[in-house]
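Please open the structure in a viewer and keep the selection tool at hand. The stops below are to be visited in order.

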Amino acid sequence: MEWSILFFFNSALLGVGLAMDAFSVSLANGLNEPDMGKRRMCGIAGVFAFFQAFMPMTGWICVHTILQYFQAFEKLIPWIALALLLFIGGKMLMEGIRKKDDEAHKSEVGMTALFVQGVATSIDALSVGFTIAGYGLVMAVVCVLIIAAVTFVICMAGLTIGKKFGTRFSNRAAILGGVILIVIGLEIFIAGVI
């Protein structure tokens with residue numbers, strides 16, 4: 001593929017498509033932590049952006065080096081995403097159910113949970129490495145950087161929306177956030193298997 005407006009447009013569209021799961025998880029994180037500061041929001045969005053760029057680049061590298069091994073792993077992607085999101089979503093759901101209505105303190109999403117969320121929402125992006133396999137190294141890097149930038153912006157929007165509604169829903173926000181993560185896991189699994 002040549003450098004063109006179409007290349008940048010396609011890369012941005014890939015970013016939007018890949019970022020939808022991360023947007024939903026960001027929404028859930030914002031619901032769970034409505035008093036989150038801008039710095040933390042940037043950190044969370046940055047983690048999702050990193051993984052949404054890292055996974056397609058890893059897929060691109062696999063296509064150009066160890067294709068046969070990657071194709072065997074590709075069948076496991078929906079199962080891995082389902083397990084990770086069920087775990088994190090179930091944990092949020094249980095914490096939300098256990099909280100009393102008068103508890104004001106919201107639990108923060110820890111680094112481990114954020115890492116798991118980043119992997120779970122971006123693992124399907126490994127297959128995008130096949131889509132961009134025709135690109136040279138520089139074009140592939142530019143493409144994943146565009147995907148990362150789009151993901152960052154979309155996740156910031158999700159966190160902002162989640163924070164706004166999280167203050168209104170109080171303790172029910174953790175329950176809603178957990179349900180959202182479980183539904184995303186099921187959606188990734190069903191789409192990947194069917």
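Helices are DSSP runs of H or I with at least four residues, numbered from the N terminus. The model is predicted: local features need pLDDT of at least 70 and side-chain atom pairs pLDDT 80 or more, whereas totals for chains, interfaces and linings use all residues. Residues are numbered from 1 along each chain as its sequence is written, and side-chain values use heavy atoms, with hydrogens and water left out.

**First stop: helix α1.** Select residues 5-32, the 28 residues of α1. From first C-alpha to last, α1 reaches 39 Å, close to the expected 40 Å (1.5 Å times one less than the number of residues). Next, centre the view on Met20, where α1 has a kink of about 45 degrees; the bend is the angle between axes fitted to the seven residues ending at a residue and the seven starting there.

Select Cys42, which is partly exposed at 35% relative accessible area, and then Cys62, which is buried at 11%. Buried means under 20%, exposed over 50%, and partly exposed in between, with a 1.4 Å probe and protein chains only. The model has 0 disulfides, counted as pairs of cysteine sulfur atoms within 2.5 Å.

Select 77-98 (α4) and 172-193 (α8), each of which supplies at least two residues of a nonpolar patch. Which helix gives the largest share of the nonpolar patch? Helix α8 does, with 3 residues. Finally, select Leu186 in α8; Leu186 is partly exposed, with a relative accessible area of 38%.
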